[in-house]
Amino acid sequence: MSDLTFNKIAGAVLATGLAIVGLRELSAGVFAPQPTDKPGYLVEVAEEASGGGAAAELPPDWGTVLPAADVAAGETAFAKCKSCHTINDGGANGTGPNLYGVVGGKPGLHAGFAYSPAIGAFSGEHPVWSYDELNEFIQAPQKHMPGTKMTFVGIKKTEERINLIAYLASHGGKLALPAPDPSRQPGAETAEAPAAGDAATPVVEGEAPQASPAAPAAK
């Protein structure tokens with residue numbers, strides 16, 4: 001190789017190296033991160049109030065809500081249960097037990113079904129599937145009966161649960177309909193309020209209380 005050819009190759013390599021170094025320095029100056037005084041966005045997380053959790057939901061007044069329940073809507077809600085349960089009299093067990101007569105029945109006693117140990121412990125404390133027990137269990141099965149094999153997430157809407165329980169009760173239910181609770185009826189709070197005439201006369205600070213006018217003497 002001649003000296004001229006070698007010099008050309010060396011010059012090309014040197015020029016390429018200088019070009020790469022120059023481009024790297026230039027890009028570093030253009031795309032260098034610029035510090036900011038505050039972030040471009042801020043995600044705010046609401047803090048929980050220190051006064052405690054929300055008030056617990058009162059169970060329905062079954063003597064009032066069941067007579068007004070929509071049984072047809074309850075049958076529609078039961079479609080969520082059909083993949084595991086049957087409800088006809090003498091129906092077969094599936095992934096879950098047959099539910100005929102479940103309302104008022106004893107938990108964990110349907111013939112031929114292999115229940116989990118959790119329901120055995122549950123039935124010792126809750127001997128009957130009452131309206132309240134069914135309502136809480138259907139709302140959140142794993143929460144109301146820890147360890148249950150039932151993986152259903154539950155029905156969160158109160159009205160839908162009421163309709164479903166009315167539908168279950170129409171298939172062999174053994175519980176009598178309770179009487180409506182008078183304290184839960186509309187207007188119960190105002191009925192106990194004192195009459196306007198019985199209210200005490202307010203006393204203004206710095207003034208003596210006024211005596212009630214005496215009744216006129218009989219003539």
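Trainee: Which residues in H5 meet which ones in H7?
Mentor: Tyr-131, Leu-134, Asn-135, Ile-138 and Gln-139 in H5 meet Arg-161, Leu-164, Ile-165 and Leu-168 in H7 (contact means heavy atoms within 4.5 Å; helices are DSSP runs of H or I, at least four residues, numbered from the N terminus). By class, that's six nonpolar, two polar and one charged (Ala, Val, Leu, Ile, Met, Phe, Trp, Tyr, Cys and Pro count as nonpolar, Asp, Glu, Lys and Arg as charged, the others as polar). Mind you, this is a predicted model, where local features need pLDDT of at least 70, side-chain atom pairs need 80 or more, and totals for chains, interfaces and linings use all residues. Numbering starts from 1 along each chain, and side-chain values use heavy atoms, without hydrogens or water.

Trainee: At what angle do H5 and H7 pack?
Mentor: About 125°, with axes 10 Å apart, for H5 (131-139) and H7 (158-169) (axes are fitted to C-alpha atoms over the stretch in contact, angles run 0 to 180 degrees between N-to-C directions).

Trainee: New topic: what lies nearest the centre of the largest pocket?
Mentor: His-85, Pro-97, Leu-99, Phe-137 and Met-150, out of 38 lining residues (a pocket is an open set of 1 Å grid points where a 1.4 Å probe fits, with protein on both sides within 12 Å along at least five of seven lines; lining residues have an atom within 4 Å of a point). The lining has 22 nonpolar, twelve polar and four charged residues.

Trainee: Which element gives the largest share of that lining?
Mentor: H5, with three residues. H5 also gives the largest share in the second largest pocket, again three. Asn-135, Gln-139 and Arg-161 are among the residues lining that second pocket, and they also belong to the H5 and H7 contact.

Note on methods:
Helices (H or I, at least four residues) and strands (E, at least two) are DSSP runs, numbered from the N terminus.
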